[in-house]
Amino acid sequence: MTGASASRWCLGALFAAFVAFLYGPTLTILVLSFQGPEGGLTFPMNGLSLHWYRKLFGGAGVVDIWAAFGRSLRLGLAVMALTTLVALLGGYAFRRRFRGAGALFQLVVASLIVPSIAVSLGIALQFRILDDWVRGLAEAGRLPAWFPEDHATLMGLFTSGLGAHLTWTLPFGILIMFAVFNRFPVEVEEAARDCGASPWGVFRYAVLPLVAPSLVGVALFGFTLSWDEIARSSQAMGEANTLPLELQGLTTTATTPEIYALGSLTTGVSALVIAAAFVAHGLARRARRSPR
Amino acid sequence: MEFAAVTKRFGVAAGAAAVDALDLRIPAGAYCCLLGPSGCGKTTTLRMLAGHEAPTEGDIVLDGANVTDLPPARRGTAMMFQSYALFPHLSALDNAAFGLRMRGAGKAERRARAREMLALVHMEAFENRLPAQLSGGQQQRVALARALVTNPSALLLDEPLSALDPFLRGRVRAELKRLNRELGITFVHVTHSQDEALALADLVVLMRAGRIEQQGTPEDVFDRPRTAFAARFMGGHNVFPDAGGGGRVAVRSDLTRLAPPGSPGALDAVVRAVEYTGTGFALTLAGAGTDELTVLQDETERRAHPAAPGDRVGLTWAEADARRLAAD
């Protein structure tokens with residue numbers, strides 16, 4: 001065996017190990033989710049059935065998984081939309097040099113290095129202070145009449161929860177759009193202006209079509225980061241938990257392969273979103289290619 | 001088209017001016033070449049004319065109107081970018097129609113006009129292609145059609161030939177000259193190649209460090225260089241110390257003659273290299289404190305003075321052929 005082929009085998013083995021590590025767990029769970037009704041949480045397979053999926057859809061579990069599923073989906077979509085919009089506008093704004101641009105950029109990205117759990121705890125603390133303040137106002141009778149009397153906390157899916165997820169997805173989105181706009185030729189914008197495009201026209205007809213594929217990427221990123229986010233969600237969701245939090249709770253109490261069925265299903269949702277984006281991208285490309 | 005004391009500084013006000021108090025008039029319908037080495041301010045001048053750069057001081061007048069503060073599209077200029085800057089997501093036809101679309105023209109109208117423009121640059125067969133499916137030369141033609149579609153009164157070209165191979169360069173050169181003649185609009189063409197400027201321009205504007213070094217017809221600028229910089233940049237000249245006064249003179253390489261070494265009035269030089277050019281011979285020589293002297297000999301001259309590398313020779317010229325140079 002020559003040195004070259006030895007190193008090739010070594011690298012190949014390393015890569016195989018990497019792939020096994022990456023997809024092995026998901027595949028294992030997928031296989032185990034098809035356990036027979038008498039099967040347990042581990043191998044061997046005791047028959048093959050859709051029993052646990054049926055059970056899952058029957059909603060027999062202790063917690064309302066489908067409500068959590070819906071919450072996570074709605075939150076994920078909101079995070080996706082906001083991340084895409086802010087990353088696009090933020091990236092575009094940074095094309096012009098302005099005073100404090102460097103400091104602002106660092107401020108935005110620095111939140112990535114703060115430990116997720118610390119962010120989550122911080123958000124919970126902030127909202128506690130906010131709640132105390134609101135309670136104070138309520139006791140002093142200085143809140144408007146429409147404010148609900150039984151108000152307990154401002155924390156919730158679309159307040160603290162949304163914020164917690166955005167601290168995670170926005171820096172990523174903005175970093176991606178920065179890289180995209182860095183490679184974006186300024187002459188294309190100038191050419192559009194030269195052809196009589198207004199500032200909005202430049203953005204709409206020259207910039208947006210060129211960065212659209214990257215925006216799809218940012219959107220996917222935003223959704224999937226939110227969809228399986230745990231650490232930042234852990235203290236920031238209020239009463240209603242997201243799907244990953246419910247799942248985490250289940251892992252400590254689960255005794256049946258139902259949890260595997262649930263895990264496989266959530267992975268399926270992520271895969272479906274990404275597949276849909278690829279198909280849409282392919283269709284858009286084909287539409288553009290064909291002469292009108 | 002006129003520049004009046006136009007200055008452009010980049011960055012802080014104290015910085016050196018990229019364009020320094022430029023005064024320039026370009027007659028309507030002329031082919032004007034802004035010529036100079038990189039960093040001389042020629043591209044900045046063009047971009048100020050186009051409205052993509054705002055002058056720090058001074059005014060720009062087009063067709064009698066002060067356009068200094070107008071956006072590009074309201075100046076009646078159209079620019080063709082060095083990188084062409086086509087919209088990669090639009091077909092050749094939609095690229096060419098873009099200016100009309102921005103002006104709110106209907107689909108049928110703008111497509112008809114864009115087809116006319118593509119035909120003008122011989123690209124009508126490629127109207128459905130995306131820029132990525134076109135060669136560099138074809139992309140340039142589409143960019144040209146896109147610039148011309150709105151009937152500009154001036155076409156601004158930033159280094160239009162530098163990305164093309166030599167064969168295509170010659171063809172595009174002829175094409176640009178033809179368009180200038182047929183459309184009757186002013187062309188302003190930025191280049192660092194003196195050949196290009198001499199071949200194309202009615203008005204050559206030679207720039208150096210943000211100022212105009214010399215301007216005039218190609219014959220003027222080439223044959224009567226005002227300074228040593230102009231003589232060297234336009235090429236084809238030797239710069240010698242002036243025997244009479246303290247200054248310097250420029251003499252064309254084809255009018256510089258060899259003489260026996262030590263001849264009265266001749267300048268000592270050593271032949272470094274001899275190249276056959278087909279129509280004659282090109283000699284490179286060192287002397288007068290430089291090794292960049294060139295003598296072009298036709299066959300008659302060659303027979304009279306067959307100097308070889310290493311030979312000591314004298315250099316002479318007719319007094320009428322010497323151009324006295326102003327101090328730099």
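The following legends describe close-up views of a predicted model.

**Figure 1. The interface of chain B and chain A.** Contacts across this interface involve 24 residues of chain B and 18 residues of chain A. The two chains bury about 1,900 Å² between them, with carbon and sulfur atoms accounting for 62% of that area. B:F87, B:H89 and B:M102 together supply 28% of the area that chain B buries against chain A, more than any other three residues.

**Figure 2. Polar and charged pairing between chain B and chain A.** The interface contains 6 residue pairs in polar contact, both residues of each pair being at pLDDT 80 or more. The number of salt bridges found across the interface is 1. This salt bridge joins B:R47 to A:E190, with 2.6 Å between the closest N and O atoms. On the side of chain B that touches chain A, two or more residues come from each of the elements α1 (42–50), β6 (77–80) and α2 (92–102) of chain B. Of the elements on this side, α2(B) gives the most, with 5 residues. By residue class, the side of chain B that touches chain A divides into 12 nonpolar, 7 polar and 5 charged residues.

Figure 3. A:S226 is placed in helix α8 of chain A, which spans residues 199–227. The relative accessible area of A:S226 is 4%, so the residue counts as buried, the cut-off being under 20%. When neighbours within four places in sequence are left aside, A:S226 is in contact with A:L75, A:G76, A:V79, A:H165 and A:T169.

Figure 4. The structure holds 21 salt bridges over all chains. One of the salt bridges is formed by the side chains of A:E246 and A:R71, at an N to O distance of 3.9 Å. The pair links distant parts of the chain, 175 residues apart: A:E246 belongs to helix α9 (residues 243–253) of chain A, and A:R71 to helix α3 (residues 65–93) of chain A. A:E246 and A:R71 are both buried.

**Figure 5. A salt bridge between two strands of chain B.** B:R211 and B:D20 form a salt bridge in which the closest N and O atoms are 3.0 Å apart. Because B:R211 lies in strand β10 (residues 211–216) of chain B and B:D20 in strand β2 (residues 17–25) of chain B, the pair ties together parts that are 191 residues apart in sequence. B:R211 is partly exposed, at 47% relative accessibility. B:D20 is likewise partly exposed, with a relative accessible area of 23%.

Figure 6. The side chains of B:R111 and B:D94 meet in a salt bridge, with an N to O distance of 3.0 Å. Helix α3 (residues 107–120) of chain B holds B:R111 and helix α2 of chain B holds B:D94, so this pair ties together parts that are 17 residues apart in sequence. B:R111 is buried, with a relative accessible area of 18%, and B:D94 is buried at 12% relative accessibility. Elsewhere in the view set, salt bridges that share partners join B:D220, B:D223, B:R224, B:R252, B:D254 and B:R323 into one network.

Methods: Residues numbered from 1 in each chain as written. Chains lettered and ligands numbered in written order. Predicted model: local features only at pLDDT ≥ 70, side-chain atom pairs only at ≥ 80, totals over all residues. Heavy atoms only, no water. Contact = heavy atoms within 4.5 Å. Buried area = accessible area lost by both parts, 1.4 Å probe. Salt bridge = Lys/Arg side-chain N within 4 Å of Asp/Glu carboxyl O. Polar contact = N/O pair within 3.5 Å; in protein donor to acceptor, adjacent residues only side chain to side chain. Helix = DSSP H or I, 4+ residues; strand = E, 2+ residues; numbered from the N terminus. Nonpolar A, V, L, I, M, F, W, Y, C, P; charged D, E, K, R; others polar. Buried < 20%, exposed > 50% of the residue type's maximum accessible area, 1.4 Å probe, protein only.
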